[in-house]
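Please read them with the structure open beside you.

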Amino acid sequence: MAENKGYNLKFFGQDIFTGLIIMLVSIPISMGYAMVAGLPAIYGLYGSLLPIIVFGIMSTSKRLVFGVDAAPAALVGGMLGSMAIAASSEEAMKVVPLITLVVSVWLLIFFIIRADKILKFISQPVMGGFITGIGVTIITMQIPKLFGGNAGRGELPELLVHTVKEAINGFHLISLILGVGTVIVILIFKKFFPKLPVPAIIMGVSALASYIFDLGKYGIKMLPKVNGGLPEFSFPDVTYLADNYEAIIVPSLTIALVIMSETLLATTNIGLKYDDRIMPGREVLTYSICNFVSAISGCCPVNGSVSRTGIADQFGVKSKVMSLTAGISMLFILLFGTGFIGYLPVPVLTGIVISALIGTFEFELAHKLRKVDRAEFLIFYAAFTAVLLLGTIYGVIVGIILSAVTFIIRQTKPATALLGVSPDMEGFHSIKRSGEAIPLKGAVIYRFTGSLFYATIGQFQDELMKAVKNDTRVVVVDASGIGSIDVTAAERLLMLHKKFKERNIDFYLAGHVSDVNTELRNFGAEELITSGAVRSRISLALRASGIDRPYVLEKSENEPTIRPYSKQLAEFEWAFGPDSERMMKEIAVKIIKEIEETGRSDMDFIREEEKKYALGYWNYADEDEFLDILEERLILLREKENGDSGKNSELLDLMIKRHVQLEQKIMERNPASVKRILKHRRKRDERFKNHHPESYDKLVKERERYMNEMKNSNPGLYEKIKEIDC
């Protein structure tokens with residue numbers, strides 16, 4: 001196996017092929033984005049030449065695709081609009097490279113001050129809302145070009161008004177069909193044939209059709225013809241800044257921030273996927289140099305392309321040979337292949353750009369956030385709306401503010417919980433999250449997860465005081481999640497210790513890292529340590545107050561915790577919380593599907609499937625309870641099929657026999673667990689009755705069959721079960 005400095009040469013051909021694909025896809029997309037930035041289309045190809053080659057040489061990322069992309073192009077286009085500079089005008093071709101130069105300087109400053117560290121303060125919802133907002137804005141700008149009009153400028157309300165005016169002034173149906181058809185075809189092929197470079201194919205087909213049929217004579221706008229050759233390299237005119245520094249310097253800072261943030265996030269994500277070693281500082285320097293090269297090429301700012309990186313990943317890119325190939329092959333296009341540009345219909349190119357922008361939308365992230373984190377969901381749409389209504393520049397500012405607010409909120413609202421003992425698991429567990437966790441008699445165990453400082457100590461104190469009852473003898477803080485404290489927190493902890501002591505309540509901090517003890521001493525709260533109010537474990541703190549195993553639970557003074565009977569179900573409850581029952585039902589459905597596909601219906605197969613989906617532990621009680629859930633799913637399936645499936649009936653018979661075997665073994669080992677199994681079964685049957693009343697009678701009949709089978713095969717067990725169930 002031939003290798004060169006860690007690179008497997010067998011991938012060389014694959015990387016070259018991927019580079020050619022990226023070059024072909026980049027032609028229409030980069031030309032479209034160049035036009036969004038206010039430049040002639042050919043400048044998109046200029047920006048896909050030297051900047052890409054420089055990136056391929058300098059970057060530590062093997063797989064990222066760099067070039068002319070949506071966000072910087074939209075930001076530059078917005079700047080031109082605010083400066084009242086017409087797109088593709090001589091002034092635009094003078095100002096855009098200057099903006100790119102200033103962006104490269106800002107990126108160089110970012111490299112010097114290691115500004116890449118600020119990325120940890122920009123949340124994914126903020127960036128997702130911002131990028132999605134830019135995508136929607138650009139699409140709205142481009143919509144008039146689909147039906148033969150001119151692109152708009154400004155924010156969403158202005159763009160909508162402009163679109164209506166353009167439609168009234170001149171609506172060209174054939175152009176609309178071409179443009180919308182392009183979008184539809186690309187999206188369909190992207191779904192079913194993701195590796196096919198459809199944008200490049202459509203570009204070639206449309207240019208050929210225009211050459212043969214002269215589409216321009218039908219009123220379809222075409223791109224202007226351009227001469228082949230390399231860009232005219234020149235240093236931007238910095239004297240323009242003298243009278244326009246306010247309009248360029250600060251907005252360029254925003255563009256640089258977006259380039260660094262979006263590209264580094266994309267680089268990190270693709271790097272983590274393949275364990276590539278990424279050097280963030282080196283990356284930011286690379287972005288600066290690439291934008292400098294783009295500036296002297298006369299082009300707009302360049303950054304990483306998430307959509308084209310995804311394409312390269314689909315083709316199995318392995319190294320920077322891909323970037324070098326894409327850049328070098330673009331050289332040949334510029335020298336010998338620009339003749340096709342004059343045959344490109346504007347609606348088709350616009351459709352290609354719109355389809356690429358649709359691929360950048362993060363609405364799926366918003367949908368996920370709506371279910372799990374309402375605050376992050378609102379932040380996503382706040383950034384999204386800010387971009388649409390206030391503009392891309394202010395959208396970035398709002399995004400940064402929201403990121404800071406999110407960080408502060410999360411720091412000042414740490415997760416907390418009151419803990420109890422779960423009969424199903426060792427240790428101490430959240431009473432709210434675990435349905436089986438029960439508080440200890442006379443004890444409050446309070447978990448605090450986060451830094452304990454001036455902004456969080458109030459919540460800590462309030463929740464702790466509310467949890468204390470008249471019969472509380474000991475308060476234990478599970479401090480395993482507390483990594484640091486400040487002087488305010490140390491003083492308040494000492495005050496709480498003294499208050500509880502006056503009420504004859506023992507107070508302990510338990511399980512924290514030793515550094516917290518050092519901070520307690522440094523901040524004058526050494527008394528907590530010398531008085532024994534800090535312990536390495538919760539159990540030791542409880543024992544110091546005379547509370548030891550078997551723990552007496554709050555519900556009954558005489559009922560100690562019983563031996564765990566179903567560790568697997570408790571593990572599911574710990575992992576999935578309120579969704580644990582739903583997850584077990586989903587597993588049951590998967591097993592039924594496996595049974596249908598394989599044709600096997602024996603208990604050995606079912607047990608193999610059960611263990612496959614277990615989280616690492618599976619005992620007799622787990623299997624018995626899971627068979628209850630599987631039985632419910634089979635009954636529902638049989639009802640859905642409107643009849644008695646022979647295979648399902650056979651399975652139910654096997655499960656009844658297995659139930660009897662399992663409960664015999666459980667009764668021999670731990671009779672108390674049988675009582676809890678029956679209690680769980682009654683609760684589950686009641687829920688089944690409420691949700692599926694039409695199938696409940698079938699479940700009752702299966703339960704009767706189960707008891708009759710037990711009565712016939714094991715009368716002794718039957719009598720014991722009946723006695724316990726009563």
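1. A word on terms comes first: a residue is called buried under 20% relative accessible area, exposed over 50%, and partly exposed in between, with a 1.4 Å probe and protein chains only. By that rule Arg-503 counts as partly exposed, because its relative accessibility is 45%. Arg-503 lies in the loop between α19 (487-502) and β9 (506-510), and its C-alpha is 9.8 Å from that of Asn-470, although the two are 33 residues apart in sequence.

2. On the source, please note that this is a predicted model, in which local features need pLDDT of at least 70 and side-chain atom pairs count only at pLDDT 80 or more, while totals for chains, interfaces and linings use all residues. Residues are numbered from 1 along each chain as its sequence is written, and side-chain values use heavy atoms, with hydrogens and water left out.

3. As for the overall picture, the protein has 726 residues, of which 52% count as buried, and its C-alpha atoms fill a box of roughly 95 × 75 × 60 Å, taken along the principal axes. There are 30 helices and 10 strands, these being DSSP runs numbered from the N terminus (H or I of at least four residues for helices, E of at least two for strands).

4. Helices α8 (173-192) and α9 (198-213) each supply at least two residues of the patch, and α8 gives the most, with six. Val-185 belongs to α8 and is partly exposed, with a relative accessible area of 33%.

5. How do α16 and α17 pack? Helix α16 (residues 374-390) and helix α17 (residues 392-412) meet at an angle of about 160°, with their axes 7 Å apart. That angle makes α16 roughly antiparallel to α17, a description used for angles over 145 degrees. Here the axes are lines fitted to C-alpha atoms over the stretch in contact, and angles run from 0 to 180 degrees between N-to-C directions.

6. A search of the whole structure finds 11 salt bridges, each defined as a side-chain nitrogen of Lys or Arg within 4 Å of a carboxyl oxygen of Asp or Glu. In one of them Asp-685 pairs with Arg-703, the closest N and O atoms being 2.9 Å apart. This pair links distant parts of the chain, with Asp-685 in helix α28 (residues 671-691) and Arg-703 in helix α29 (residues 693-713), 18 residues apart. Both Asp-685 and Arg-703 are buried.

7. Two further salt bridges deserve a look. Asp-116 pairs with Arg-114 at 3.1 Å between the closest N and O atoms; Asp-116 counts as buried at 10% relative accessibility, whereas Arg-114, at 37%, counts as partly exposed. Asp-471 pairs with Lys-441, where the closest N and O atoms are 3.7 Å apart, and this pair joins the loop between α18 (457-467) and β8 (474-481) to the loop between β6 (428-430) and β7 (443-449), 30 residues apart. Asp-471 is partly exposed at 37%, and Lys-441 is partly exposed at 28%.

Definitions and conventions
Parallel < 35°, antiparallel > 145°, perpendicular 65-115°, else oblique.
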